[in-house]
Every structure is written in C-alpha cells, then in structure tokens.
Amino acid sequence: MRLVKPKKALGQHFLKDLQIAERISDTLKEYVGTPVLEIGPGMGVLTQFLLEAQHDLKVVELDHESVEYLEQNFPDLRGRIIAQDFLRLDLSQLYDKPFCVIGNYPYNISSQIFFKVLDYKDQVPCCSGMIQKEVAERLVAAPGSKTYGIISVLLQTWYDIEYLFTVHENVFDPPPKVKSAVIRMTRNQRQHLECDEKLFKTVVKTTFNQRRKTLRNSIKPLLGKEYTDYSQPIFDKRPEQLSVEQFIGLTLQVEAWLKSQQ
C-alpha cells in the first residue's frame, strides 16, 4: 500500500519519529480501560502505540486516503474508524460514558477541537496530544502573561493543563514552519460555576476583545454606561490580569446588575 500524501488543505504534517509517537501515547497510560478517541490518525504512527497499549480505541479521520490506508494496515481498527469531520460529530452518539481524546491535531483547527472537547468536559477526563507550540503556550499561560487569553481562561476553568515537551520541525513530513508541543489537559475538581456559565464565556470573550483596555472600558458592552460601581479596583485591571476565580467574581457582578435592570 502506497503512503498517504499529506494534504495542505487538511493541515496534515505526518509525524515520522516513533519515539515521540510513543511518548504521546504514554500521556494516556493511566487511562487504560477508559475508551480513547484519536483525532486525525493519518497513517497510524500514534495509533499503533495506542493499540499496543490496549486502549479501547476509535479513530476519527476525514481524509478518505488515510481511511483506506488504516483499513488495510490496521486490521484491529476495522469497524472503529469514523470517516467524518470531528468538529461535526455528536460525541454523545459515540459514547455514553467517560472517554479520553488524543491526537496529532491539525494545527489549523486545534483551538476549535479544544473548544469542542470543552462542550463534553463532564465526559472527558483527559485530552492530550500535539499542537503548534504557540497554541500550547497560550493554553498554559498564567494571568499577567501576554499569551494569556480567551482559550487560556476557558480551558483552565475546567482543566489542569501541562506543557510536556517541545517537538522540532524535522520529525514531520512535510516539516511545518513552526515548532510543536505536546500537552495534556486533565479534568480538575470543579463541577460547576458559581455563576451562569454562558454569561461567564460572554464576559471572558467581551473583555478580551479589547484586551488593551481596562475592564472599565471593555466590559461596557455588557454593563453599559449606567453601571454605578465602576470605581471598584477590579475595573482598573486589564483582562489578562484576571484569574479564573476573578472572572467568576466579575461575572457574578454582571449577573446581579443585569437582573437588577430587568
């Protein structure tokens, strides 16, 4: 069977280094017995180690050429290849119990993948894999950092995120123009927010949309000019200075004000 040709439109960069693939697989070694969903297996360089580790594995692959390759070279995967776009999948139709997510994620949609995982946070105890180094740095960024943003806050609300190691360009075919990194997200102990979750997301996104402004200005699309308590010290801060807990507190203030205006 001929090798699969990487397709630029699908953001494909096939990993060639087996040691790195095994290290990525090992990020889920504590979860043997929990079903695993691999996104974008390509030619199965990571898949082979997940199968060797005896994970209960399904894979999602959009590229029909890769699907054909996997069917011919991985007989153990037959009946477990989902030839669809992960972003369009209803994961509740695949699993009615906890499952882990892993992959060498297409760089052009990695953030969308993590936001989708977030929609299933109560079912996904662990999500790991390889992404663009720059995105990995944003995921783990702490308050006060220039790379701390919307995705940092929303993911860190529900997951503890580890930057595990950096991967250089020369281990891919074709080599990407950027360095890569392997991360692991482990579900934290938070079961619910003290505030409205939808409003929390809106507060985070609204303030970071004007990240250079203080909250006194960036929150006005939600609170309006009539809000009576802009003198509080929190409104002197910029959004990248706020922790998850402070964003929750800010959301509670917004929630209380909006209710008072009804």
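1. **Ground rules.** This is a predicted model: local features need pLDDT of at least 70, side-chain atom pairs count only at pLDDT 80 or more, and totals for chains, interfaces and linings use all residues. Residues are numbered from 1 along each chain as its sequence is written, and side-chain values use heavy atoms, with hydrogens and water left out.

2. **The sheet.** Seven strands make up an open sheet. Their order is β4-β3-β2-β5-β6-β9-β7, and the pairing is mixed. At the edges sit β4 (81-82) and β7 (159-167), each pairing on one side only. Strands (E, at least two residues) and helices (H or I, at least four) are DSSP runs, numbered from the N terminus. Two strands pair if DSSP finds at least two bridges between them.

3. **A parallel pair.** Strand β5 (residues 100-104) runs parallel to strand β6 (residues 126-132). Four bridges join β5 and β6. In one of them, glycine 103 has glycine 129 in β6 as its partner. Helix α5 (residues 110-119) packs on the sheet. Helix α5 touches β2 (36-39), β5, β6, β7 and β9 (180-187). The direction of α5 makes about 170° with that of β6. Such angles run from 0 to 180 degrees between N-to-C directions; the axes are lines fitted to C-alpha atoms, for helices over the stretch in contact.

4. **Cysteines.** How many disulfides does the structure hold? The count is zero. A disulfide is a pair of cysteine sulfur atoms within 2.5 Å. For cysteine 126, the nearest cysteine sulfur belongs to cysteine 100, 5.2 Å away. The sulfur of cysteine 127 has its closest cysteine sulfur in cysteine 126, at 7.2 Å, so this pair is too far apart for a bond. Cysteine 126 is buried, at 0% relative accessibility. Cysteine 127 is buried too, with a relative accessible area of 0%.

5. **Salt bridges.** There are nine. The rule asks for a side-chain nitrogen of Lys or Arg within 4 Å of a carboxyl oxygen of Asp or Glu. One of them joins lysine 121 to glutamate 197 (3.0 Å, N to O). Lysine 121 is in the loop between α5 and β6, while glutamate 197 is in helix α8 (residues 197-208), 76 residues apart. Lysine 121 is buried, at 10%; glutamate 197 is partly exposed, at 29%.

6. **A bridge between loops.** Glutamate 169 and lysine 179 form another salt bridge, with the closest N and O atoms 3.5 Å apart. Glutamate 169 lies in the loop between β7 and β8 (172-173), and lysine 179 in the loop between β8 and β9, so the pair ties together parts ten residues apart in sequence. Glutamate 169 is partly exposed at 23%, and lysine 179 is partly exposed at 32%.

7. **Arginine 184.** This residue lies in strand β9. Its side chain meets that of glutamate 162 in a salt bridge (2.9 Å, N to O). Glutamate 162 is in strand β7, 22 residues apart from arginine 184. Arginine 184 is buried, at 17%. Its side chain also reaches the backbone oxygen of threonine 27 at 3.3 Å. Leaving aside neighbours within four places in sequence, arginine 184 has contacts (heavy atoms within 4.5 Å) that include Cys126, Cys127 and Asp160.

Note on methods. Buried < 20%, exposed > 50% of the residue type's maximum accessible area, 1.4 Å probe, protein only. Polar contact = N/O pair within 3.5 Å; in protein donor to acceptor, adjacent residues only side chain to side chain.
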